[in-house]
Amino acid sequence: MNKKTIAIAVVAVVAAAGIAYWSLGSANSPHGSAVAAASGNKAITIWRDPGCGSCDAYADYLEGNGYTVTRVDDRDFDKRSVDMGVPERGIGCHLAEIDGYVVSGLVPVEIIERLVSERPDITGITLPGMPGNAPGMAPAKTGTLKTYAFGENGVTVYSEE
């Protein structure tokens with residue numbers, strides 16, 4: 001190899017490393033999360049009671065919709081939920097984290113995708129309790145589910161669909 005070929009190779013490697021670094025870094029910023037979502041980065045962590053069958057069914061539902069789910073057994077997920085900002089009256093079946101947001105309960109995929117796409121200034125969303133018509137409890141969502149947003153400005157209805 002001559003010096004010119006080596007120089008071109010070095011520039012190409014440095015450029016590729018810079019692009020990779022920028023991509024990883026921007027996926028953690030509010031603007032980069034849209035890039036991450038568009039690129040199919042659908043990693044979600046769920047803290048759940050180890051014996052909860054609906055939590056497993058919900059994780060399977062997420063995986064069936066293209067998410068990579070990390071399941072963490074945590075008998076105290078309700079305490080963790082409150083520690084992460086979920087109002088006590090808003091605790092759902094399990095706790096999840098995706099792209100910097102807290103998601104409590106059996107929230108349908110389309111609502112989670114709206115959350116990470118719109119990037120509202122909230123801590124997270126919750127579908128309290130274990131509604132019988134929610135994903136994980138029923139084969140498919142039926143009827144209306146009321147999901148709440150929570151954060152520094154209190155609790156509001158995020159979605160009623």
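Modeller: Two strands are said to pair if DSSP finds at least two bridges between them. The model discussed here is predicted. In general, the strands of a sheet pair through backbone hydrogen bonds, either parallel or antiparallel. Strand β1, residues 43–48, pairs with β2 in the parallel sense, and six bridges join the two. Within this pair, Ile44 stands opposite Val69 of β2.

Seven strands form an open sheet, and their order across it is β2-β1-β3-β4-β5-β6-β7. The pairing in this sheet is mixed. At its edges are β2 (68–73) and β7 (154–160), each of which pairs on one side only. On average, and with direction ignored, neighbouring strands of the sheet are turned by 25° against each other.

Helices accompany the strands. Helix α3, formed by residues 53–64, lies across β1, β2 and β4 (101–105). Its direction runs at about 160° to that of β2. Helix α5, residues 109–118, also packs on the sheet, where it touches β3 (95–98), β4, β5 (124–127), β6 (146–151) and β7. The direction of α5 makes about 120° with that of β7.

Thr126 has its place in strand β5. Thr126 counts as buried because its relative accessible area is 2%, and the limit for that class is under 20%. The side chain of Thr126 reaches the backbone oxygen of Gly90 at 2.3 Å. If neighbours within four places in sequence are left aside, the residues in contact with Thr126 include Val86, Gly90, Ile91 and Gly92. Among its other contacts are Ser104 and Val107, as well as Lys146, Thr147, Tyr148 and Phe150.

The chain as a whole supplies the setting for these details. It contains five helices and seven strands, and from the N terminus on its elements run α-α-β-α-β-α-β-β-α-β-β-β. Of its 161 residues, 35% count as buried. Among the contacts with a separation of 6 or more, 50% are between residues 24 or more positions apart. The chain exposes about 8,900 Å², of which carbon and sulfur atoms supply 56%.

Terms used. Residues numbered from 1 in each chain as written. Predicted model: local features only at pLDDT ≥ 70, side-chain atom pairs only at ≥ 80, totals over all residues. Heavy atoms only, no water. Helix = DSSP H or I, 4+ residues; strand = E, 2+ residues; numbered from the N terminus. Axes fitted to C-alpha atoms, helices over the stretch in contact; angles between N-to-C directions. Contact = heavy atoms within 4.5 Å. Buried < 20%, exposed > 50% of the residue type's maximum accessible area, 1.4 Å probe, protein only. Polar contact = N/O pair within 3.5 Å; in protein donor to acceptor, adjacent residues only side chain to side chain. Areas by Shrake-Rupley, 256 points an atom, 1.4 Å probe, with all protein chains shown as cover.
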